[in-house]
Amino acid sequence: MTADAAEALEVITGSSRFEASAEKATIAHAAQELSGGSEAPGTVDGDVCRIYTPVGTPEVELRITWLRSDGIPAGDPAPKFTVLPMGERALTATDGAVIRFACRSGKLTGSAPAHVDIGVERGGVPTEPEGDPDELKDAYATVAHSFSLAMAKELGCENDGGLEPRPSLDPVSG
């Protein structure tokens, strides 16, 4: 995870420390699952990890997920989302974000390119997000970008799946 993503997690959770996740909750394990299920038609998905605030602090759980689908994004996003210029499609809101990128890699079988979504969302019972809405949107997008770039690198995607080294947080106009 990038330093920017660590700072973004603090914006989202209010904490700079986190509980350990499951032993297999890593990008490497998620990439192995994603590439292993790539021959199945349709959509395949799973968890990368969950991020928890420390015991004894206000409880926050974030879910980092992956999804592989057959096609490129279609349709307009829900009104709560802001569209950002990252990957094939990047959407962010005050309670989550998702980035889709195209991946061509020898580690993946099936149709090329693979379309991979990395999502970040709050787990548990939905509550109204607290904090500056623009800052929260940027924070979720930054965390999603960090995990997306790490997944693209782990999968060996050509050109890092079209993801830049740093997130692009300026909304797409029009």
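1. Start with His 145, which is buried in this predicted model. Its relative accessible area is 2%, and buried means under 20%, so His 145 falls inside that class. You'll find His 145 in helix H3, which covers residues 133-155. Looking past residues up to four places away in sequence, His 145 touches Met 86, Ile 99, Leu 163, Glu 164, Pro 165, Arg 166 and Pro 167.

2. Next, have a look at the sheet. Six strands make an open, antiparallel sheet, in the order E1-E2-E6-E5-E4-E3. Strands E1 (44-52) and E3 (82-84) sit at the edges with a single partner strand each, so one side of each has no neighbour in the sheet. From one strand to the next, the twist averages 20°.

3. Now zoom in on one pair. Strand E5 (residues 96-103) and strand E6 (residues 114-122) run antiparallel and are joined by 8 bridges. For Arg 100, the bridge partner in E6 is Asp 117.

4. How does H3 lie relative to E5? H3 runs at about 30° to E5, and it lies across E1, E2, E3, E4, E5 and E6.

5. Last, the core. The largest nonpolar core has 38 residues, and Val 48, Ile 64, Phe 101, Phe 147 and Met 151 have the most contacts inside it. Helices H1, H2 and H3 and strands E1, E2, E5 and E6 each give two or more residues to this core. H3 gives the most, with 10 residues. Take Phe 147: leaving aside neighbours within four places in sequence, Phe 147 is in contact with Met 1, Ile 27, Val 48, Cys 49, Ile 51, Ile 64 and Ile 118.

Note on methods:
Residues are numbered from 1 along each chain as its sequence is written. This is a predicted model: local features need pLDDT of at least 70, side-chain atom pairs count only at pLDDT 80 or more; totals for chains, interfaces and linings use all residues. Side-chain values use heavy atoms; hydrogens and water are left out. Helices (H or I, at least four residues) and strands (E, at least two) are DSSP runs, numbered from the N terminus. Buried means under 20% relative accessible area, exposed over 50%, partly exposed in between (1.4 Å probe, protein chains only). Contact means heavy atoms within 4.5 Å. Two strands pair if DSSP finds at least two bridges between them. Axes are lines fitted to C-alpha atoms, for helices over the stretch in contact, and angles run from 0 to 180 degrees between N-to-C directions. A nonpolar core is a set of buried Ala, Val, Leu, Ile, Met, Phe, Trp, Tyr and Cys residues joined through side-chain atoms within 4.5 Å.
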